[in-house]
Amino acid sequence: MIRDITIGQYYPVDSILHRMDPRLKLNGTLLFIISIFLFDTFYGYIAITMFMISIIKLSKVPFKFILRGLKAIVVILIFTMTFNLFLTQGDILIRLGFLKITKQGLHSSIFMGLRLSYLILGSSLMTFTTTPNQLTDGLERLLWPLRRIKVPVHEIAMMMSIALRFIPILLEETDKIMKAQMARGADFESGGVVKRAKGLVPLLVPLFVSAFRRANDLAMAMEARCYRGGEGRTKMKPLHYSRRDMVAYIILLSYFALVIIISIYEKYLPYFSL
Amino acid sequence: MQIVFDHVDYLYSGGTSFEKHALRDISFKIEKGEFIGLIGHTGSGKSTLIQHMNGLIKATNGKIYYNGEDIYDKNYNMSQLRSKVGLVFQYPEHQLFETTVYKDVYFGPKNLGLDKLEADLRTYEALKMVGIGEELLDASPFELSGGQKRRVAIAGILAMRPEVLVLDEPTAGLDPRGRDEILDQIAMLHKESKITIILVTHSMEDVANYVDRILVMNNGSLAMDQETRSVFSRYKELEEIHLAAPQVTYVMNTLKEKGFPVNTDVTTVTEAKNEITRVLKII
């Protein structure tokens, strides 16, 4: 049950995307997200879709596995799409009693659905191909200039990497405690809201106790290895852009330029209406 | 036959690159009242196997029978199975959550839907069985020592009066004295209440003194299923799967190689001592 959550998970295969610099992937994801939210033209989305498909192919992560990430937002997706479909004003296409579907509604419903799914697919593709450590390393380096205005960049990155590292551990722990309590006849599935909430006590108390125990152990272990914050700390594997990363930046920027050009000149292309 | 595993397979995360064959074609039978050791290297599938016994994990393929009934039958009462097959997880003290020792042990019987008197009775009985004195009943379980916590957690399962008790590494992380206490108490339970006991461990020394029969797991498959002595006599094979026979087995075998006519068929230190003195008297 808990194992089905794929968002934020790392998928260990060896691909070009896995080997790229995490800073590149962070910037790339940001650019990709900007591109899906800036433009809502048909031709623009063909370019965006092609770009995403080729990135997915490059990542060597099975498409089926990536799609599983969408499961988590299915409800939000259906909600947004339905509301957009029925509540947008404009030229009426079909009338169903008091409900009406407009041309504009259909258009924004489809693009909203695509945007949300692409948002999840794009960002989960980053976590699939980047280990949590690389991710926080990349983030730390990207945010480093903010130190000037007293942002505790190192601490934020350290907290993030610890938090990410502990997600699978705590999930596993939850699974284990749940099973242990089920073996004692605990029931997490049936009953009303109050009964269910009460039923969570045997799960949450041990989980908190174990989280504090782990936090204690980790703090002790870090101090035993002389951790004293980011000041003067060096890296065993400092990040370096390779020639491949530079090529990737060029591709990324040309993709972005292409999407911009398409959306500016869309009106000169053959008109396509949904 | 109380528990029957019929060609059980279990696959983790099928269809992805995390796919792992945790159990392969496992078949065995367990009779009522047996005392069984389940042994295997870390990651050999022991813990996965025992979670099948009370239906916490569903087998990908194959069937499991409890007292002759198919537990995957859709009319089968799974919650009843969970009360019959008591499963004590690794580090069971991590599941304690109540404010007092008594309340924590009471959790199991309460979930069975027993009336208060019966549940109280079982709770007292279980705490007595594991040797927790009355002065600790109102203490917080988080204030106890490691060994005491573990015994309280085991009592939590015993209070449900299971017919089969499965213990996953009940001695992990305990000092030698705590270890012996727990194992002796389990042996006593087996002797007095005649319940079936399955002891999961990776240490042969732990089980040599107690169990009648050993199941050896390797890489998700059942490598051996024999009575204790026969398993130890195959100590060379055990080493190949990163296990070891008890030290006395090695002592006796080395003595035999050096020309002493000892019987290598002993499993405990006491038996070995008697055997060596017997042979020394003859010489």
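## Contacts across the sequence

Let's begin with how chain A folds back on itself. Take the contacts in chain A between residues at least 6 apart in sequence: 76% of these join residues at least 24 apart. Keep in mind as you explore that this is a predicted model.

What secondary structure does chain A have? Chain A comes to 11 helices and 2 strands.

## Overall dimensions

Now step back and look at chain A as a whole. Its C-alpha trace spans about 65 × 60 × 40 Å along the principal axes. The radius of gyration of chain A is 23 Å, whereas a compact globule of 274 residues would have one near 19 Å.

How much of chain A counts as buried? The share is 20% of the 274 residues.

## Where chain A meets chain B

The model also has a second chain to look at. The contact between the two takes 21 residues from chain A and 23 residues from chain B. On the side of chain A that touches chain B, the elements giving two or more residues are α8 (153–183) and α10 (201–224) of chain A. The largest share of that side comes from α8(A), with 7 residues.

What kinds of residues make up the side of chain A that touches chain B? They divide into 14 nonpolar, 3 polar and 4 charged.

Technical notes:
Residues are numbered from 1 along each chain as its sequence is written. Chains are lettered from A and ligands numbered from 1 in the order in which they are written. This is a predicted model: local features need pLDDT of at least 70, side-chain atom pairs count only at pLDDT 80 or more; totals for chains, interfaces and linings use all residues. Two residues are in contact if their C-beta atoms, placed from the backbone, lie within 7 Å. Helices (H or I, at least four residues) and strands (E, at least two) are DSSP runs, numbered from the N terminus. Ala, Val, Leu, Ile, Met, Phe, Trp, Tyr, Cys and Pro count as nonpolar, Asp, Glu, Lys and Arg as charged, and the others, Gly among them, as polar. The radius of gyration is taken over C-alpha atoms; the globule rule is 2.2 Å times the number of residues to the power 0.38. A residue is buried if 20 or more other C-beta atoms lie within 10 Å of its own, exposed if 12 or fewer, and partly exposed in between; C-beta atoms are placed from the backbone.
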